[in-house]
Amino acid sequence: MSNDFLEHRTDIWRGRHAPALSRQALATGFETLDELLPGGGWPVGALTEILADEEGTGALWLTMPALARLSQTPRWLAWVAPPHIPYAPALAGMGVDLSKVLLIRPRRSLDRMWALEQALRSGTCSAVLAWPTEADIETKVLRRLQLAAEAGQCWGVLFRSQRAARRSSPAALRLHVRAFLDGISVHVLKCRGGWTRNSVELRLDDTRDPGADGPLKDH
Amino acid sequence: MASPASKARVGSVFALRSPLPTSRCDPAAAADAPAAGSIAHEAHIPTNLWLAIYLFALPLESLPQARSGTSRSRASPIPVVVYQEQGRQSCIVDRNHTAAELGIHPGMSLAAAHTLAAALRAYPRDVSAEQQALTRLAAWTEQFTPKLAIVPPHTLLLEIAGSLRLFHGLHSLLESVRRGLLELGHQCRLAVCPTPLGAQLLARADGATVVTDIKRLVSAVGPLSIDYLDIGTKGLTTLRRSGVHCLADLFRLPREGLASRIGPQLPSFIDRLLGRQPDPMAFFSSAKVFKGTLALPTESHDANVLLAAARQLLLELVACLRSGVSAVSHLEWRLTHPSHPPTTIEVDAVEPSRDADILLELLRLKLEHFRLIGPVSEITLATSPFQHHAGESLEAIRGSIRRQEMERNVFLQRLRTRLGLGAISGIRLVDEHRPERAWRSCPPGEGGGGAVFSSRPLWLLKPPMPLKSRNGRPYRNGPLQTQPDRERISTGWWDDQPVDRDYFIAHGAKGGRYWVYRDLRHPESWYLHGIFA
C-alpha cells in the first residue's frame with residue numbers, strides 16, 4: 001500500500017502537520033470564523049455538526065451566508081426533516097434563492113436516515129441540512145453519512161443537541177454555539193486538519209457577503 | 001366593472017382593470033402623455049421586449065357573424081351595442097361606430113342608449129365566445145413567437161425580442177400583426193415595452209406606443225390614470241383623496257404606506273411594472289399533446305421488453321417535441337393486459353424535458369416498484385400539453401446540463417417513490433402581511449416571488465404555540481424578555497381571518513431568540529410564532 005493511498009484518505013488524523021488536503025472550503029461569511037477553520041471555511045465533501053443548547057441560539061443563522069452563496073449554483077439545498085417550517089421570507093431576506101430549496105420530510109426514522117444519505121450522496125445537492133434525533137444516530141451511521149458527503153461533494157450539516165458533545169463523531173467539523181444578548185459564540189470542538197479548540201464571538205449584524213469571487217476556496 | 005371574464009385571469013399577471021375602463025380621469029392626460037415614449041428607438045433592443053395586443057372590440061367582434069356582419073359592421077349604418085347585466089341594470093360594454101356617433105359609450109345604461117338611438121340593436125355579451133376567440137387568436141399569434149401569454153379578458157402578450165430579426169424589425173412585425181388581425185376581423189391596439197405590465201397598460205391606454213428602453217419606462221407610463229389599476233373603488237378613492245391621479249404620483253409614495261393602505265400587492269405590482277422585479281408568465285401553448293400506442297411483439301411480463309417498446313414511443317414523442325420548440329413534464333403510460341383492466345403509470349419530470357433517455361429512466365424507476373398484475377399486450381403513451389422549451393442554442397453545452405438534469409430528476413423520483421409525493425416540496429413567498437400566509441409550499445424548483453421582510457425568524461411554527469403568561473409577560477421555561485421594539489400587524493379585515501397582533505423579539509433564559517406576539521383581540525394572550533434559529 002503506497003503512501004499515496006493514505007494521502008487521499010480523508011478520515012485519518014494527521015495531527016498539526018496535516019498536508020494540504022485538496023479539499024474545498026466554503027467561506028462562512030464571517031471573517032473571524034473563517035480564520036479559525038482549516039481551509040478558511042466550511043468543509044465541502046464532509047459533515048459539519050453544529051451543537052446548540054436550545055433552538056433559538058443561532059445555529060441555523062450561522063449557515064445562512066454560505067447557503068445564500070450556494071443557492072446561486074444549480075444544485076439543491078436539501079433540508080431533511082426540519083423541526084419547523086423554514087420561513088420563506090426570512091430565507092429570501094438572507095439572500096437564499098428559494099428555487100433551490102428542497103424540503104424532504106420523511107415520516108419514519110428509517111426513512112429519515114435513508115433520505116439523508118441519498119441527498120448527501122446524490123451529487124445534486126450543494127448542501128444538505130438535517131435534524132436527526134439522537135436515536136437516529138450511531139457512530140456507524142455517521143461514518144456512512146460522512147462517506148456519502150464525500151461521494152456527493154456536498155456540505156452536510158447536522159444540527160444536534162449540545163448533549164451530543166459527549167459522544168464521538170467522525171464529522172470533519174464540530175461546533176458548539178451559544179447565544180448571548182446580541183450575538184452568538186461559536187466554540188470549535190473538533191476540526192479535521194486543524195489543531196484548534198478556539199472560540200469566536202459573532203454579532204447578529206456581522207453577516208457579510210462571503211466574497212464576490214465565489215464561495216469556494218481551494219486550499 | 002365586475003365582468004365574469006375577469007375571474008379567469010392568468011394567475012401570474014396582476015389583474016388590470018376589466019375590459020373597457022370607465023375612466024374618470026381626464027382621458028386627454030392619459031392619451032397625450034405616452035407621446036413622450038411614442039418614438040421608436042430600435043438601436044438598443046433589451047433582452048425582453050413585450051408586445052401587448054389589446055383587442056378592445058372583442059365583445060362586438062365575438063357576436064355571431066350573422067348579427068354583426070363581422071367587425072366591418074362597425075361602419076354599418078345600424079347602431080349595434082353589446083350589453084351586460086350589472087346588478088339590476090344593463091350596461092353597455094361595446095358599441096359600433098354608428099352607435100358611438102350617436103353618443104353611446106361603454107358604461108352607459110342600455111335604457112339610456114335606447115333613448116339615443118331608436119333603431120338600436122342590442123345583444124347580450126357572450127363571455128365564453130370572447131374567451132374562445134382570444135384562445136384562437138393566441139394560437140394564431142404563435143407564428144410570431146413561441147413565448148406568448150393570454151391575459152383575460154382582452155389582451156395577448158408576446159415576447160418578441162427574439163423574433164425581431166426574423167420579421168425584419170419591430171415596425172414590420174407590428175404591421176404584420178395588425179394587418180393579420182384585421183383580416184381575421186379584429187381591431188387591436190398595440191404597445192411595446194420591456195415589461196409585460198407596461199405593455200399591457202400602454203396598449204389599453206392608448207396604443208401605438210413603443211418603448212424599447214427601460215430607462216424611458218417611467219416617463220412613458222407615469223402619466224397613465226390610476227383607473228387602470230385593479231384595486232377596487234375603495235382603493236382608488238383612497239388614492240385620489242391623497243392626491244394620486246396618475247401612476248407617476250403613485251411612484252412617489254413610500255412602499256410601506258402603499259402596502260398597508262391599499263394592499264401588499266401594489267408595491268410588487270409597481271416593481272414588476274417598472275422591471276425592478278421579474279414578472280414570470282404562464283406561457284400559452286396551443287395545447288399540443290402526444291398520444292401513441294404500440295403493440296408488443298408478444299404478450300410479456302418482462303420489464304426490458306416493456307422498456308424497449310416505451311423507448312420507441314418516446315423517440316416518436318421527442319421527434320414531435322423537436323419540430324416545435326417544446327418539452328413535456330407529465331407522461332401517462334397505460335399498459336393494456338389481455339385479461340385485466342389496464343394499468344396506468346404516471347411519470348413527472350422535475351422540469352419539462354425533451355430527452356428520451358431521461359423520460360425512459362423515470363419510467364424504469366417507477367417500474368422497479370411495480371408488480372404487474374399480468375402480461376402486457378400493448379403500451380400507450382399520452383402526454384400533458386407541450387410546454388415551451390428554453391433555448392436550443394444550449395445544445396452545444398448540453399452534455400453536462402443534461403447529466404445534471406438527469407441526476408436531479410432521478411434523485412427526486414427516487415425520493416418520491418419511497419417517501420410519497422407529499423414528503424418532497426419547495427417553498428415560495430406570497431405577498432401577504434399575515435406572517436402565516438407569507439409563504440406556501442410549491443413543487444421543488446418553483447420557489448421565488450413575493451415581498452421580502454426584514455427581521456423575520458428562520459423557523460415558523462404552525463400553528464403558533466400558545467404561551468403561558470405571568471404578570472402580563474410571556475413565559476416559556478422561564479420568563480421571556482421582550483425587546484421594546486414591536487411590530488404591529490393588523491390586516492386581513494377583507495376576508496374572514498383578520499389578525500391584530502403586536503410582534504416582539506423575546507429572549508429566553510438561555511439566550512434563545514423568539515418571535516412572539518400578543519393577540520390584541522384577546523389581551524394577555526401570548527403566542528410563540530417563530531424561532532430565530
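A: Happy to. A term first: two strands pair if DSSP finds at least two bridges between them. Helices (H or I, at least four residues) and strands (E, at least two) are DSSP runs numbered from the N terminus. The model is predicted, with local features needing pLDDT of at least 70 and side-chain atom pairs counting only at pLDDT 80 or more, while totals for chains, interfaces and linings use all residues. Residues are numbered from 1 along each chain as its sequence is written, and chains are lettered from A and ligands numbered from 1 in the order in which they are written.

Q: Great. Which strand of chain A is joined to S16(B)?
A: That is strand S5 (residues 85-86) of chain A, which runs antiparallel to S16(B) and is joined to it by two bridges. Ile85(A) sits opposite Leu460(B), and Pro86(A) has Trp459(B) as its bridge partner.

Q: What else does S16(B) pair with inside chain B?
A: S16(B) is joined to S21(B) by five bridges, again antiparallel; Leu460(B) faces Gly530(B) there.

Q: How many residues lie between S16(B) and S17(B)?
A: Two, in a hairpin, and Asn471(B) in the turn has a positive phi of about 50°.

Q: New topic: how many residues are in the largest nonpolar core?
A: It has 119, and those with the most contacts inside it include Ile104(A), Val80(A) and Val516(B). A core is a set of buried Ala, Val, Leu, Ile, Met, Phe, Trp, Tyr and Cys residues joined through C-beta atoms within 7 Å. Buried means 20 or more other C-beta atoms within 10 Å of a residue's own, exposed means 12 or fewer, and partly exposed is in between, with C-beta atoms placed from the backbone. Helix H3 (residues 59-70) of chain A gives the largest share of this core, nine residues.

Q: What is Ile104(A) in contact with?
A: Leaving aside neighbours within four places in sequence, the contacts of Ile104(A) include Ala78(A) and Val80(A), and also Leu415(B), Ala423(B) and Ile424(B).

Q: Why does Ala46(A) count as buried?
A: Because Ala46(A) has 26 C-beta neighbours inside 10 Å.

Q: Last one: is helix H13 of chain B mostly covered or mostly uncovered?
A: Mostly covered, as eight of the nine residues of H13(B) (265-273) are buried. Among them are Phe269(B) and Arg272(B). These buried residues pack against helices H8, H9, H11 and H12 of chain B. Just after H13(B), Gly275(B) takes a positive phi of about 75°.

Definitions and conventions: Contact = placed C-beta atoms within 7 Å.
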